[in-house]
Amino acid sequence: MPRGRPRQPDELKKAKGTLQACRVNKDQPAVNPGMPEIPLGLTGLAKKKFIELAQELVQMKVVTPHDRLILEQVSKEWALFKELEKVLKKDGLFYNSRITETITEELPDGEKVTKTKEKVTKTSVRAHPALTARNQCWANIMKGLQECGLTPSTRSKLKVVKKEESNPFAKMMSGS
């Protein structure tokens, strides 16, 4: 199992300005940037978010058609996050938990009868289960956005790669 930080793609290193020729993987597959296809299973908000993210990444020239799966997962997490937000807005972030007492009585003829008494033995305030799920969705969304370079901190590490200007003197010397 490899240790240390996960490897970064050469294109990301190039964008950050940390690419060194001696560390370039010469055998890596060449992938052309482009818009990934919209997955067939995406609907509604997830589909809308997929298109929005893909367009942003195409504009930044960092997405390829092979990045469809990461964008799909981030889009699904976003849709689930929004659904959980609606649930929490309706139900609230916390609820009161009550533990009631159950009593089993034996009648004189030997029959057992279970009665639930509304005697509250313990009350506590608990977090809504949707709160935990929403927080996990947000963590997953942030990981996906960081992988794509769409957070302010990861974007600040990128540098715009400028096209190399041709040197007229070098052209003249080479005879082209």
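Predicted model: local features only at pLDDT ≥ 70, side-chain atom pairs only at ≥ 80, totals over all residues.
Two packed helices are described by the angle between their axes and the distance between the axes. Helix 2 spans residues 44-60, and helix 3 spans residues 68-91. They pack at an angle of about 135°. Their axes lie 8 Å apart. Helix 2 is therefore oblique to helix 3, since angles over 145 degrees would be needed to count as roughly antiparallel. The crossing of the two helices is right-handed.

Residues from both helices build the contact. Helix 2 contributes Leu45, Ala46, Lys49, Phe50, Leu53, Ala54 and Leu57. On the side of helix 3, these meet Arg68, Leu71, Glu72, Val74, Ser75, Lys76, Trp78, Ala79 and Lys82. Ten residues of this contact are nonpolar, one is polar and five are charged.

Side chains of opposite charge can pair when their charged atoms come close. The structure holds six salt bridges. One of them joins Glu52 to Lys49. Their closest N and O atoms are 3.1 Å apart. Both residues lie in helix 2, three residues apart, which is about one turn of the helix. Glu52 has a relative accessible area of 34% and is partly exposed. Lys49 has a relative accessibility of 15% and so counts as buried, because the cut-off for buried is under 20%. Lys49 also belongs to the contact with helix 3.

Lys76 and Glu72 are four residues apart, so about one helical turn separates them. Lys76 is partly exposed, at a relative accessible area of 39%. Glu72 counts as buried, at 13% relative accessibility. Both residues are also part of the contact with helix 2.

Glu85 pairs with Arg134, and their closest N and O atoms are 2.9 Å apart. Glu85 lies in helix 3, whereas Arg134 lies in helix 4, residues 129-148. The pair therefore ties together parts that are 49 residues apart in sequence. Glu85 is partly exposed, with a relative accessible area of 30%.

Methods
Residues numbered from 1 in each chain as written. Heavy atoms only, no water. Axes fitted to C-alpha atoms, helices over the stretch in contact; angles between N-to-C directions. Parallel < 35°, antiparallel > 145°, perpendicular 65-115°, else oblique. Left-handed = near helix turned anticlockwise from the far one by under 90°. Contact = heavy atoms within 4.5 Å. Nonpolar A, V, L, I, M, F, W, Y, C, P; charged D, E, K, R; others polar. Salt bridge = Lys/Arg side-chain N within 4 Å of Asp/Glu carboxyl O. Buried < 20%, exposed > 50% of the residue type's maximum accessible area, 1.4 Å probe, protein only.
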